[in-house]
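Take a moment to look over the model below.

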Amino acid sequence: QVQKNYVVDKGKLLLTASVYNAGTVTVNSFDFVCSISGISEVYTVHCDSTIAYDETKTIEFSIAPEAIQTMDPDNRDVTVTLEQINGYADENPTDNALTGNFLITLHSFDRHVLLEEFTTEKCINCPRVAGYVHDAMQESEFDGRLHTMENHVGYYTDSFTASFHRDWEWFFDNEYAPALMYDRHAEKGAATAVTSASSKFDLYEQIRQRLREPAFVSLKVKAAVDEEAQTIHVTVTGARAKEMFTINAPRITVVLTETNLKAISQAGVSTDYWHYNVGRRVNSAWGDVLEWDGHNYTYECSIPYNKSHVMENLGTLALVHHPDAKDK
C-alpha cells in the first residue's frame, strides 16, 4: 500500500508492505528496492525482520524521493521489489514486486480531525462511546487538532435534535447509535462514512490515521457577537494548496455548537450526564460553495442564537467538504 498523497514539502513517502514467506528457510533480513516512474534514482530500505515459513508480516517504511520537486506529472507509479533475502538473491523473484500509484502536491496544511458522534438520550449504549470521545478530547496528542460535534439522531431523536441532524441521517446505510464519522471519510470498500467504535483504542487509532493524512485547504475562524441582532457573525479565511483538491466544487458548512448541556433523561446512566459540543444552528446543512480569489478565500455568514444560550458555552466550527449526492 502506498501513501495516497506525496507532499513535496514533507519529503517522505510512506509505504506499507505485507511480506509472505513461502520458502522453507526462515527469513531474517531483506531489502525493499523502490523505483519511481520518470526518476532514475533507486531507493533502498534495509529491513531486519524475522519471518518464518508460511508467516506474513506487515511492515511500514518510508523513502525520501527528493528528485520530485514539481507536480509535472501530478501522479507517479512506485514499484517495490524484495531483494537480498538473507543477503542472497531470491531463487524465485517472480513474485517479489508490486506497483502502486500516488498523487503529488507541493505543500499541505496540518490536518484537523472532525469527529461527529450520532447519539440520543434514548440510546442506552451511547454514554459508553461518548466517554471514549470525551477522553480523546483530553489527550495531549490530539490537543488543538481534534474537534467534536454531537448529532442527535441515529436511534430515534430527542430534545437536542436539530433539523440538520436529520439531514445528516443521509450518511447512514442503516441507522443506529452510537455511531461516529471521522472527517466524513469512508474506509476503502465501505459503503458509508458512518462507523462504530468497539473500544477507546479503536477510536484513538481512527483519529491517528486521519491525522496522518495531509490537508489541502486551511481554515481560520473568527466570530463576533451582535447582541442587538442576536446573531453571531462568522468569518472564515484560508487557502488551498492546489487548485483541484476535491472532486466536486468545495463547499463550507459553519455550525454553532453548544457544550456542557445537562441531559434531560439520558438512558444508560444513573448519575448526572452532560452533552458536549452539540450542533445547534448551521449556515446550511450541505454548505455554501466557496468563492476563490486565486488560491485564497474569505467566507462570511451570520447565525442566530437564543438568549437562553450560555455565551461561554457556544462555539463555532467550520468544515470544508465536497458532498456527492450519489456517494455516501
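Strand E2 gives the largest share of the lining of the second largest pocket, 6 residues. Strands here (E, at least two residues) and helices (H or I, at least four) are DSSP runs, numbered from the N terminus. E2 covers residues 13–20. Strand E3 (27–36), strand E5 (56–63), strand E6 (75–83) and strand E7 (97–105) also supply at least two lining residues each.

This is a predicted model, in which local features need pLDDT of at least 70 and side-chain atom pairs count only at pLDDT 80 or more, while totals for chains, interfaces and linings use all residues. Residues are numbered from 1 along each chain as its sequence is written, and side-chain values use heavy atoms, with hydrogens and water left out.

The second largest pocket has a volume of about 1000 Å³. Its lining has 36 residues, and the closest to the pocket centre are Val 19, Tyr 20, Leu 82, Asp 90 and Asn 96. A pocket is found on a 1 Å grid over the protein atoms alone: it is an open set of points, where a 1.4 Å probe fits, with protein on both sides within 12 Å along at least five of seven lines, and lining residues have an atom within 4 Å of a point. Grid points are joined across faces, edges and corners, and the volume is the space filled by probe spheres set on the points.

What classes of residue make up this lining? It has 20 nonpolar, 13 polar and 3 charged residues. Ala, Val, Leu, Ile, Met, Phe, Trp, Tyr, Cys and Pro count as nonpolar, Asp, Glu, Lys and Arg as charged, and the others, Gly among them, as polar.

Now turn to E3. Buried means under 20% relative accessible area, exposed over 50%, and partly exposed in between (1.4 Å probe, protein chains only). E3 pairs with strand E4 (residues 42–51) in the antiparallel sense, over 8 bridges. Strands pair if DSSP finds at least two bridges between them. Val 33 stands opposite Thr 44 in E4. The hairpin of E3 and E4 has 5 residues between the strands, and there Gly 38 takes a positive phi near 80°. E3 also runs antiparallel to E6, joined by 6 bridges. Asp 31 has Glu 83 in E6 as its bridge partner.

Next come the salt bridges. The structure holds 8 of them, each a side-chain nitrogen of Lys or Arg within 4 Å of a carboxyl oxygen of Asp or Glu. One joins Lys 200 and Asp 135 (3.1 Å, N to O). Lys 200 lies in helix H3 (residues 200–211) and Asp 135 in helix H1 (residues 126–138), so this pair ties together parts 65 residues apart in sequence. Lys 200 is partly exposed, at 34% relative accessible area. Asp 135 is partly exposed too, at 32%.

Glu 258 and Arg 280 meet in another salt bridge (2.9 Å, N to O). Glu 258 sits in strand E13 (residues 251–258) and Arg 280 in strand E16 (residues 278–282), so the pair ties together parts 22 residues apart in sequence. Glu 258 is buried, with a relative accessible area of 4%.

Asp 272 and Lys 262 also form a salt bridge (3.7 Å, N to O). Asp 272 is exposed, at 53%, while Lys 262 is partly exposed, at 45%. Finally, salt bridges that share partners join Arg 111, Asp 183 and Arg 210 into one network.
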